[in-house]
Amino acid sequence: MQVNHAGVLIDAFDRIKGVVHDTLDDISPEALTFRPDAEANTIAWLIWHATRVQDDHVAGVEGGEQVWTSDGWESRFGLPFESSSIGYGHSADDVARVSADADLLRSYHDAVHARTVAYLGSLTAEDLDRVVDEQWDPPVTLGVRLVSVVSDDLQHCGQAAYVRGLFERK
């Protein structure tokens, strides 16, 4: 029996969406910007960053424009960063600049998720072997890039859930 490659990947991205929703449901504005210490990432930054990474990387392998710019999310967030910023290399001060309410974070994530699922549904098993980045040794295939996004997003969204737990226990 052949594994349903699209179904497995969609399930992984659905799990990310589930963590995002669980973390943002009924969250207070104070919790979104809570920092366990001055250098820690906030829930708002972690969810924004994870979603930006997914948006950037899926658009990159698909060859399309990011939802961030094409659907106006950049202007809705109004952040003081370049449009291409996805959070890599952000300082503690940059992290503090990401202030958004839960509905905005959830809606942006849902828009990126919908685009991701549509893209995944269009892939064949053979597509996953296509090299998408030759700057690495060995070169990165589409399958490896997508698993990398899943791994990165689950880690950051898990961190956001953990920070929420810290906030609620303080």
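1. A residue is called buried when its relative accessible area is under 20%. This cut-off is applied throughout the note, which concerns a predicted model.

2. Trp73 has a relative accessible area of 7% and is therefore buried. The residue belongs to helix α5, which covers residues 73-77. Beyond the neighbours within four places in sequence, Trp73 is in contact with Val67, Trp68, Leu104, Ser107, Tyr108 and Ala111. Between Trp73 and Tyr119 there are 46 residues of separation along the chain, and their C-alpha atoms are 19 Å apart.

3. Helix α7 runs over residues 102-121. With 20 residues at 1.5 Å a residue, α7 should span 28 Å, and the distance of 28 Å between its end C-alpha atoms agrees with this. The buried residues of α7 include Leu104 and Tyr108, both of which are also contacts of Trp73. Tyr119 is likewise one of the buried residues of α7, as are the histidines His109 and His113 and the arginines Arg106 and Arg115. Among the elements that cover the buried residues of α7 are α1, α2 (29-32), α3, α4 (67-70), α5 and α8.

4. Helix α3 comprises residues 43-62. From its first C-alpha to its last, α3 reaches 28 Å, close to the 28 Å expected for its 20 residues at 1.5 Å a residue. The helix is mostly covered, with 17 of the 20 residues buried. Just after α3 comes Gly63, whose phi is positive, at about 85°.

5. His49 is situated in α3. Its relative accessibility is 2%, so His49 counts as buried. Apart from neighbours within four places in sequence, the contacts of His49 are Ile86, Gly87, Tyr88, Asp152 and His156.

6. Helix α1 (residues 5-24) packs against helix α8 (residues 142-169), with the axes 9 Å apart and at an angle of about 20°. Angles under 35 degrees count as roughly parallel, and α1 and α8 are therefore roughly parallel to each other. Their crossing is left-handed.

7. The residues of α1 that meet α8 include Leu9, Phe13, Ile16 and Val20. By class, the contact of α1 with α8 has 14 nonpolar, two polar and four charged residues. One general point bears on such a list: an α-helix has 3.6 residues a turn, so residues three or four places apart point the same way.

How values were computed: Residues numbered from 1 in each chain as written. Predicted model: local features only at pLDDT ≥ 70, side-chain atom pairs only at ≥ 80, totals over all residues. Heavy atoms only, no water. Helix = DSSP H or I, 4+ residues; strand = E, 2+ residues; numbered from the N terminus. Buried < 20%, exposed > 50% of the residue type's maximum accessible area, 1.4 Å probe, protein only. Contact = heavy atoms within 4.5 Å. Expected span 1.5 Å × (residues − 1). Axes fitted to C-alpha atoms, helices over the stretch in contact; angles between N-to-C directions. Parallel < 35°, antiparallel > 145°, perpendicular 65-115°, else oblique. Left-handed = near helix turned anticlockwise from the far one by under 90°. Nonpolar A, V, L, I, M, F, W, Y, C, P; charged D, E, K, R; others polar.
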